[in-house]
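This report covers selected local features: a pocket, aromatic contacts, charges over rings and backbone angles.

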Amino acid sequence: RRRWFLDASYSYGSFNTHKSNVNFGQTFKNGFTYEINAFQNYSDNDYHIEAPVEDFETGRIDRDKKVRVKRFNDTYHNEAVVGKVGVVDKKWADRLMLGFTYSNMYQDIQTGVRQDIVYGQKHRKGHSLMPSLEYYKRNLLAKGLDVALTVNYNKNLTTNVDTASYKYNWYGDRKLLNSPGEQSYQHSRADNNNWNGTFTANYRLGKMHMLTFNHVLNTFSRSNTSLLAKEEQSDAIAKETRKNISGVSYRLMPSETWNLSVFGKYYNQFVAGPVATDANQNDYVRTTRSVSSIGYGAAGTYFILPGLQAKLSYEKAYRLPTIEEMFGNEDLEMGDIGIRPENSDNVNLNLSYNRTFGRHSVYVEGGLVYRNTKDYIQRNITDLSGGGKSAATYINYGKVLTKGYNISARYGFGKWVSVGGNFTQMDVRDNMKTSISGSAENIAYKERMPNLPYIFADSDVTFYWRDLGRKGNALTVSYDNQYLHSFTYYSSKIGSNKGDYVVPSQFSHNLSLSYSLRDGRYNLSFECRNFTDEQLYDNFSLQKAGRAFYGKVRVYFGN
């Protein structure tokens, strides 16, 4: 128990980025406790990228000619205050906390789902109110029975604004449009209501047996209101979903050498929302559906030798669609209310070795992954009518087969040096012999699935100088890197010969230096991200920031 503490930090860096955080709390002898956390993030995000520029005279975008330009409509900031109050260490509760969160957000929208589309005034804003409850108690009613309960309600209002009468190119030039709206003319508010609850009970029987029950509840509803006219116009049909996932497991732990777990899960999802009754989408009706599934699995671990551990697991798993996959975000993401859950057979085999020899420590790990997925949920880019505009959509793509492996290694020398790295290859292949409609041969059969990186690696080395300057001080210097092999947006059968369809290989490097004084009471740090200024990309080739510098100061008081 900490009687009181104060943890505060502030950082400033490239692209006018500011981050600050203050966390204060106190616990009294009678168990009463409170905590207040406030934070903010702000950035202009005005970094340079390489992009094709639209010629307003011809209306043409030469995608083979890329120009170094600066982002100019990408400001982002968010702020939040979190307050909690409650009691700890009571006979009836180890921890009972009531909380309330207020958060605010603003985001300029610089690009669409592809980087060749650029916006100059499009933006969104919103705020959230969230009360919450958390309860935890060990040995409730009976020895060995531990329970945990968390509940929160999130009232979120998000407004999308796209009313400009101009279109922009990457130079910041603008041209008058025939009608307002850079992507789609809108000024709309989405009222989102989200309940979340989790209950977990663990019951230990002696040292060998443990039973666990877990239930997760999530309900969501969204109503949309257009603010374009003088009077607000709300959609007649709301979008709703309700998820219930229950799980039970049994774990056998006869010794420290091996243990075994078996489990089962019940999934249920209810979805309701508007569906168009004609191709022109002039009329909608409320439709509902409900899906239920049973999942199950087993996992075990065995120490073959001291430090040499093998782990094996199998799961018949289901992944219920997310809110964005079903309902979109009312802007650039278009959901599908009829999308089905993914289901897959997953097998994981893992072998690790971890030993210490005097001042030397060694850790090596390797794993194999096999996943056979049906109704794979895939995010695609679709063209919208007029102006070369695009949006993201989600579909169920039949069958997908994943085979992969990962290797990790780490070496440490006393309290002075730590060095390690990871390598992963995930071969995700199209496993549909025919097209989704089943009427023709699938030309992408056995090809890699689109827009998924399949080889990535990272490594790092950290040096420590303890008691530097005076006892309790420490200097830490770290270097790390990330590698990502090139991949295609579309099926490798289609995109492999098209340079515009390829996300290039990326290899970035970072440096950081931190100095802590008086056992961490005062801390200074400096970081250089991507110090070689590599061109880095997200999926669908949205470019990330280049070289960036950040400095941070942090103080901690308390006991």
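## Second largest pocket

The structure is a predicted model. Its second largest pocket has a volume of about 1100 Å³. The lining comprises 32 residues, and those closest to the pocket centre are Lys239, Gln281, Tyr284, Glu330 and Met334.

Several elements each give two or more residues to this lining: strands S14 (186–205), S15 (209–226), S18 (258–276), S21 (333–334) and S24 (390–413), together with helix H1 (323–327). Sorted by class, the lining of the second largest pocket has 13 nonpolar, 13 polar and 6 charged residues.

## Aromatic pairs

There are 17 aromatic pairs in the structure. One of them joins Tyr153 and Trp195, whose ring centres are 4.8 Å apart; with 40° between the planes, the pair is tilted. Tyr153 belongs to strand S11 (residues 145–162) and Trp195 to strand S14, so the pair links distant parts of the chain, 42 residues apart.

Tyr296 and Tyr314 form another tilted pair, at 6.4 Å centre to centre and with 50° between the planes. This pair also links distant parts of the chain: Tyr296 is in strand S19 (residues 284–305) and Tyr314 in strand S20 (residues 308–319), 18 residues apart. Tyr296 counts as partly exposed because its relative accessibility is 42%, and Tyr314 counts as partly exposed at 29%.

Ring pairs also link Phe24, Phe28, Phe32 and Tyr34 into a cluster.

## Charges over rings

Two contacts between a charged end and a ring are described here. The charged end of Lys122 sits over the ring of Tyr119, at 5.7 Å from the ring centre. The charged end of Arg448 sits over the ring of Tyr454, and here the distance to the centre is 3.7 Å.

## Positive phi angles

Most residues other than glycine have a negative phi. Asn451 has a positive phi, near 60°. This residue lies in the loop between strand S25 (417–430) and strand S26 (455–466). Its relative accessibility is 8%, so Asn451 counts as buried; the cut-off for that class is under 20%.

Asn530 likewise has a positive phi, near 55°. Its position is in the loop between strand S31 (522–529) and strand S32 (548–558). Asn530 counts as buried because its relative accessibility is 3%.

Terms used. Residues numbered from 1 in each chain as written. Predicted model: local features only at pLDDT ≥ 70, side-chain atom pairs only at ≥ 80, totals over all residues. Heavy atoms only, no water. Helix = DSSP H or I, 4+ residues; strand = E, 2+ residues; numbered from the N terminus. Buried < 20%, exposed > 50% of the residue type's maximum accessible area, 1.4 Å probe, protein only. 1 Å grid on protein atoms, 1.4 Å probe; cavity = no way out; pocket = protein on both sides within 12 Å on 5 of 7 lines; lining within 4 Å. Points joined across faces, edges and corners; volume = space filled by probe spheres on them. Nonpolar A, V, L, I, M, F, W, Y, C, P; charged D, E, K, R; others polar. Phe/Tyr/Trp six-rings, centres within 6.5 Å; stacked < 30°, edge-to-face > 60°. Lys NZ or Arg CZ within 6 Å of the ring centre and 35° of its normal.
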